[in-house]
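Hi there,

Here is the structure I promised to pass on. My notes follow below it.

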Amino acid sequence: MKAITLVGSTGSIGTQTLDIVSQYPDQFRVVGLAAGRNVELFAAQIRQFRPEIVAISAAEKLAELKAAIQDLNPQPIILAGEAGVIEVARYGDAETVVTGIVGCAGLLPTIAAIEAGKDIALANKETLIAGGPVVLPLVEKHGVKLLPADSEHSAIFQCLQGVPQGGLRKILLTASGGAFRDWPVEKLPEVTVADALKHPNWSMGRKITVDSATLMNKGLEVIEAHFLFGLDYDDIEIVIHPQSIIHSLIELQDTSVLAQLGWPDMRLPLLYALSWPERIYTDWERLDLVKAGSLTFREPDHQKYPCMRLAYAAGRAGGSMPAVLNAANEQAVALFLEEKIGYLDIARCIEWVCDRHQHDNRQNPSLDDILNADQWARQEVLTATTKLAAQSYHIQGITYDKAAI
């Protein structure tokens, strides 16, 4: 039985991970849980899985959480705030920590878990995007495993099993195309938050669903793939695959291409990250290729998805630039979800902030450098919204007057 800790337990990744634990109680036990602010769901999870230690990130919810589980016997250790989440990540005899926290908030708990000698089931891509220059040396120093738990990087990892050193030539990341894959680019100025949250294939959190619509999610995955698998950016490609059946592919040196297929279901990559190198039998719906029907592919439209270009540019710039890109995107998406900026403003804000960081980009950043760049970029997005508010912008030769929209 593998002992696991889960940070981000009430989010999409967290709840699906606990579904797996519920289905395979003889395979996994929960040592620690950390959540954001959903006390009702978190309390129910604590009651069901009886972890030894728990933390709620929203410190103001601590009293409410304690009241919700006051009758439990024995009581878990109950902590709060960022420090509490970090303590949960490093605690006890957990072999693997599943990092399901959304955004750069997952970086410090992941580092703490690595330094405590725990393997990482990485569902938080921002950990490597922002902190890759710091995280990878720590993984090597402490001899832990970093196992991808999102669908695309899990697919690559699965395809690489048995491939000899030096055998990998290219990575092909598949993308659904998000909510606007079939929209004409001219309609994008009309996008609402509700439109952006209508993902055609996957059920995910709000932030990552918007990232899928802009294709920033895929751009971030390009940077993550660079850190995980060591390929140059020229050898990592994105292809639109509307059916989301092929979760990614690898091309080998002899031009052979291997792919991992399955229904769109995050439980599969999560289970593989938890059980690797074993394969656990499941009673989940098997892939029926006849039922799946045609599998189609097309090149992504760079005019419709400007965030792709920004992600590649940040990745190639290296240093602290990916951390700035990631933080600017998080802040811009949050403002969009609050309906404080328009959909097209997301990319405009990110580009403005990354341009401002070029002269301050640190090529060998420390953890403090990364955290400082993250905070700076978030503040700069707020400045960008003011600076760009009255400017027109262009999509495929069409000029849109911001003031008129």
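Is Cys349 buried or exposed? Cys349 is buried, at 2% relative accessibility, where buried means under 20% relative accessible area, exposed over 50% and partly exposed in between, with a 1.4 Å probe and protein chains only.

Before the rest, a word on the basis. This is a predicted model, in which local features need pLDDT of at least 70 and side-chain atom pairs count only at pLDDT 80 or more, while totals for chains, interfaces and linings use all residues. Residues are numbered from 1 along each chain as its sequence is written, and side-chain values use heavy atoms, with hydrogens and water left out.

Back to the cysteines. The structure holds zero disulfides, a disulfide being a pair of cysteine sulfur atoms within 2.5 Å. For Cys349, the closest cysteine sulfur is that of Cys307, at 10 Å, which is too far for a bond. Cys354 is in no disulfide either, as its nearest cysteine sulfur, again in Cys307, is 9.8 Å away. Cys354 is buried too, with a relative accessible area of 8%.

Cys307 also turns up in the lining of the largest cavity, together with Thr214, Lys304, Pro306, Tyr343, Leu344, Ile346 and Ala347. A cavity is a set of points on a 1 Å grid over the protein atoms alone where a 1.4 Å probe fits but cannot get out, and lining residues have an atom within 4 Å of a point. The volume of the largest cavity is about 60 Å³, counted as the space filled by probe spheres set on the points.

Thr214, one of the lining residues, lies in helix α9 (residues 206-214) and is buried at 6% relative accessibility. Beyond its neighbours within four places in sequence, Thr214 is in contact (heavy atoms within 4.5 Å) with Tyr305, Cys307, Tyr343 and Ile346.

One more residue for you to look at is Asp150, in the loop between β7 (146-148) and α7 (151-160). Asp150 is buried, with a relative accessible area of 7%. Not counting residues up to four places away in sequence, Asp150 touches Leu122, Lys125, Glu221, Glu224, Met266 and Pro269. Leu122 is 28 residues from Asp150 in sequence, yet their C-alpha atoms are 7.3 Å apart in space.

Best wishes

Notes
Helices (H or I, at least four residues) and strands (E, at least two) are DSSP runs, numbered from the N terminus. On a 1 Å grid over the protein atoms alone, a cavity is a set of points where a 1.4 Å probe fits but cannot get out, and a pocket is an open set with protein on both sides within 12 Å along at least five of seven lines; lining residues have an atom within 4 Å of a point.
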